[in-house]
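Open the model in your viewer and keep the selection tool at hand. The stops below say what to select next and what is there.

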Amino acid sequence: MSTAAPEKHAFQAETQQVLDIVINSLYTDKEIFIRELISNASDATEKLRHLQLKEEAVFQADQELEIEVSFEEEAKTITIRDRGIGMNRDELMENLGTIAHSGSKAFLKAVAEGGTKNENVIGQFGVGFYSAFMVAKRVEVFTRSYSPDESGLLWVSEGAGEYTIEPASEELDRGTKIIIHLKDEFEEFAKDWKLKSIIKKYSAFVQFPISLGDEKINTVQAIWLRSKSEVKEEEYKEFYKFQSNAFDEPLTWMHFSADAPIAINSILYVPTENPERLGMGRTEPAVALHCRKVLIDSKPDGLLPEWMRFAKGVVDSSDLPLNISRESMQDSSLVAKLNQVLTKRFLKHLAEIAKKDEDLYKKIWDAFSVFLKEGVATDFTHRDALAKLLRYESSSTEPGKLTSLDAYLDRAQEEQKEIYFLFGQNREAIEAGPYLEAFKARDLEVLFVYEPIDEYVMNHLREYQEKKLVSADQDDLELGEAKDQPEGESLAEDVSKNLTDWIKEKLGDRVKEVKVSDRLVDSPALVLSGDKFMSAQMKQMMKSMGQDANLPEEGSILQINPRHPLIKKIAVSYATRGEEMETIIEQIFDNARMAAGLLEDPKDMIARIYKLLEKASE
Ligand code: ADP
Ligand code: MG
């Protein structure tokens, strides 16, 4: 056949980087290269099946779709053969010479972020094809594209810097045959029992038959099509690991089948780990879409709402047209329907866990609450069901224990029209702050919210069971009579009016308004947010994160306690001892800001306190 010399090509720089990391890693599970190569063989075969469904011209269209593994103990080689789509010359260069594909890119990023500790990273990403170089001194890829116009090619590399491509010297069947020439120290992989156990371990759910010599290793099974009662717990877990390439266990799963309004067979898993929390970037949707066992898209956008991107698993609908393309999927009304039905079911599943198994729900909440909260803020259709799943600490829970909004309302007083919440760094900060006392005095429960996202949750949810969600540091709350009326006479109305005018004049633009309030019990004064949509604490937090650029500058409101002895003293003295009273009111204002966590620079306040102390010691 052809006598052309092999063409030499250099690996793209990043590719070589991936190769070096993989080759030099001490990663103990070297055996995963088998899983990766079989998974590629399966992907390529899946693609071929798809093309045939779309009735494209395919070279050797009647081949059995099977994956064959063989080995030669003496020669220390392992061969993996598929009847998939194969590759032409450009595809060989693009797919095996560069890392345009997602897995290896994400891998490099994770390695860069995680420093040299890449043991787990290799396990997580698999890094696909290149993992072969963990055990191989040379890899040969014989491949022939499905396209009738292409001919057979041979790609060879030793993993160091370059690879070659040449026409294959013999006539090739369609698909790809990869020969791994093992390094001496890894010769044990070229053994029957070893290969069998590895394939069994990792490839049980591959949707094509795998043979090793004469033996069929796997029984192809789409467990999502079987009835719930027939599938063992262990199988669900194994399938999860296979399907999502995961190393954790699922926390829970939902196996759901229906015929109407649309045919669905699905298994949706909740993982244990939340990779977004581990700083691995945004999770891609990973619930694969099938039609009668044929994979349509392993990462379909729009099959489930964005916030459900933490879920793993498969959805199979025999109602979908087999030749649906990725593009037309997006605006398919069938897919929209699947989305509706599955999301509703999934939320119901979570609600049932929340009811029956508090501990399990706590684990789900701890790992994935941020997605459920995102859902409340962004998914109007399922907002109520999502809101039911929210959990917070509150002034009525013990530290660390959480309450639902429903439980809050069960405890609420009959005439209570609002649900109160307070934003703060943590429980201690909120309890030590000035806002809670008015609610305590009236036996009103307040939810404690700690995460910036909660502020958005509250603003988007706005009400729950027809009760408004209200930040407890708002200025114009009508809290009603306190259970224990604060002691002491209150200032007369006209005296209060003059006093607040005077204070406003002294504090100037630093406050939007000064007013008397009967919500205060022990403190002389309180600073409140003048912004309906964002608490003062939230603003402060955003400032500290450098995100205040676009925040509207709205002054805070100072409320004073007309029963407090100090306020009463000022009321009778400011006309005659203006200067002294001004210093005192300045100090009260700073104290209130400090209690609210809003005092940025204490320098002036400290100087003032020294002055006051000096006076007191005279
Ligand atoms: P990934 O599978 O995540 O895309 P890999 O490193 O495993 O990354 O594979 C890189 C690419 O090489 C695949 O996307 C595919 O295009 C191509 N490839 C690998 N193995 C085969 C094969 N057996 N048949 C056809 N194409 C393959
Ligand atoms: Mg792969």
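**A pair of strands**

Select Arg81: its bridge partner is Lys177, in strand 7. Strands are DSSP runs of E with at least two residues, and helices are runs of H or I with at least four, both numbered from the N terminus. This is a predicted model, in which local features need pLDDT of at least 70 and side-chain atom pairs count only at pLDDT 80 or more, while totals for chains, interfaces and linings use all residues. Residues are numbered from 1 along each chain as its sequence is written, chains are lettered from A and ligands numbered from 1 in the order in which they are written, and side-chain values use heavy atoms, with hydrogens and water left out.

Now select residues 77-82 and 175-182. These are strand 3 and strand 7, which pair in the antiparallel sense over six bridges; two strands pair if DSSP finds at least two bridges between them.

Widen the view to the open sheet of nine strands, with the order 1-6-5-4-7-3-2-8-9 and mixed pairing. Strand 1 (7-10) and strand 9 (215-216) are at the edges with a single partner strand each, so one side of each has no neighbour in the sheet.

**A bent helix**

Next, select residues 358-378, which form helix 10. Where does helix 10 bend? The bend, about 75°, is at Phe368; the angle is taken between axes fitted to the seven residues ending there and the seven starting there.

**Around Phe439**

Last, select Phe439. Leaving out residues up to four places away in sequence, Phe439 touches Tyr420, Leu444, Val446, Ala472, Leu477, Leu479 and Arg519 (contact means heavy atoms within 4.5 Å).

Definitions and conventions
The expected span of a helix is 1.5 Å times one less than its number of residues.
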